[in-house]
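Have a look at the sequence and the model first.

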Amino acid sequence: MVAKFSSISTRKLSKALTVLTRDKSMVATSDYGDFHKMVKRYVMSSMLGTSAQKQFRETRDMMVNKMLRTFHKLVTDDPDAPIVFRDVFKDELFRLSLIQSLGEDVSSVYVDEFGRDISKEEIYNATVTDMMMCAIEVDWRDFFPYLSWVPNRSFETRVFTTEARRSAVMRALIKQQKERILRGEARICYLDFLLAENTLTDEQLVMLVWEALIEAADTTLVTTEWAMYELAKNPEKQERLYQEIREVCGDETVTEEHLPRLPYLNAVFHETLRRHSPVPLIPPRFVHEDTKLAGYDVPAGTEMVINLYGCNMSKEEWDSPEEWAPERFAGGRFEVADMYKTMAFGAGRRACAGSLQAMHIACAAIARFVQGFQWRLREGDEDKVDTVQLTAYKLHPLYVHLHPRGPRM
Ligand code: HEM
């Protein structure tokens, strides 16, 4: 992925993904070339790169504060009822995605094609949930390209309808924000940046802003939910993390500034990425020139899917790979660069654009959650490790009992 980069960096998409990504009009699914370079630069400099991330620091802090307040309220209202972690995290993370991408925490929007206002939940479903489900829709014709002339009506109806709904909602959201800009209320966000660049078609604009929305709302939730599941299941590892936080932060609230001084937290993050690889299969690559990979001659035209889950569960690479053991990354046995051995974010020039944001949000949230509460799994949930969807969503959402540790943070 690094050394043979130039021969394996175009994407090969299924029929469903070709429709949903409007034939590669996004950073993640475009072929490597001028368009990809331009839009990756846009997303890094306005939203995801190191200096752009500083602009959203306050929004991230506000997000975690709100999650903690909601946890406290739920515990106070009914101390014995287990809390559905995902409901709390998902709402706040989507709020952050909306603010970063569109400049506003949109609560509803009028969609011309539907002839009515739709709620935030409907926006979430049309732009995130339905798209994730539809992305794994299988068209048997993908496996028999010479039969692609045969109609597959149910598949086509489902994929085209989902795509049309997503695009209608995105157009409405963008229109709403253009009206804001016309009122003289420009904001620091991806949409305002892209409009100022003035190099994209309306369709490209829809796709890029949608991409920012869905990518921010999905994998970080998947990672944090798995980390909290493991910490709730393993009280002694949770205690070790809590003690590290006490030693480094004392009575102060954990902030992103503390993160480099919390090595066990970092180990928890990377071990979660290894044991529960959020993107188990890297989006397919296409070999566009004859090349040699790991000693094998690979001809142009080969499709390539890298199985990160397989790599991360390999007994040759990891001791007891099925065990979630942050210790394997702690105690100075690993260099910082070795953390990336999990390849959770891919590698080479197509590596994930949002890894810094994912790390900021997941690590700060995990630390604040453990600093604020003792976490315990709902009884009987110890072995619920199945996954579903394109990214490694927990099939059974995480239910937890929370016990506040001390004064409210
Ligand atoms: C724990 C969280 C995340 C994981 C595990 C993850 C994983 C990945 C992986 C495996 C790839 C493909 C890399 C390759 O083909 O080599 C990727 C690409 C990408 N990711 Fe992420 N991602 C995460 C969070 C995010 C976030 C928060 C964003 C943006 C808000 C984001 C934006 C992107 C983009 C734009 C690409 C395409 C990069 C390119 O093709 O050049 N990711 N990610």
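Is Cys352 buried, partly exposed or exposed? Cys352 counts as partly exposed because its relative accessibility is 37%, where buried means under 20% relative accessible area, exposed means over 50% and partly exposed lies in between (1.4 Å probe, protein chains only).

Before going on, keep in mind that this is a predicted model, in which local features need pLDDT of at least 70, side-chain atom pairs count only at pLDDT 80 or more, and totals for chains, interfaces and linings use all residues. Residues are numbered from 1 along each chain as its sequence is written, and side-chain values use heavy atoms, with hydrogens and water left out.

Cys352 sits in the loop between helix H12 (308-312) and helix H13 (355-372); helices here are DSSP runs (H or I, at least four residues), numbered from the N terminus. Its SG atom, at 2.3 Å, is the only protein donor of the iron atom of the ligand. Donors are N, O and S atoms within 2.8 Å of the metal (3.2 Å for Na, K and Ca), and water is not among the atoms, so sites may look incomplete. An unreviewed UniProt entry places the feature "binding site" at Cys352; such annotations may be inferred rather than shown by experiment.

Now to the rest of the shell. Around the ligand there are 29 residues, each with a heavy atom within 4 Å of it. Helix H9 (202-233) and helix H2 (34-48) each supply at least two of the shell residues, and H9 gives the most, with six.
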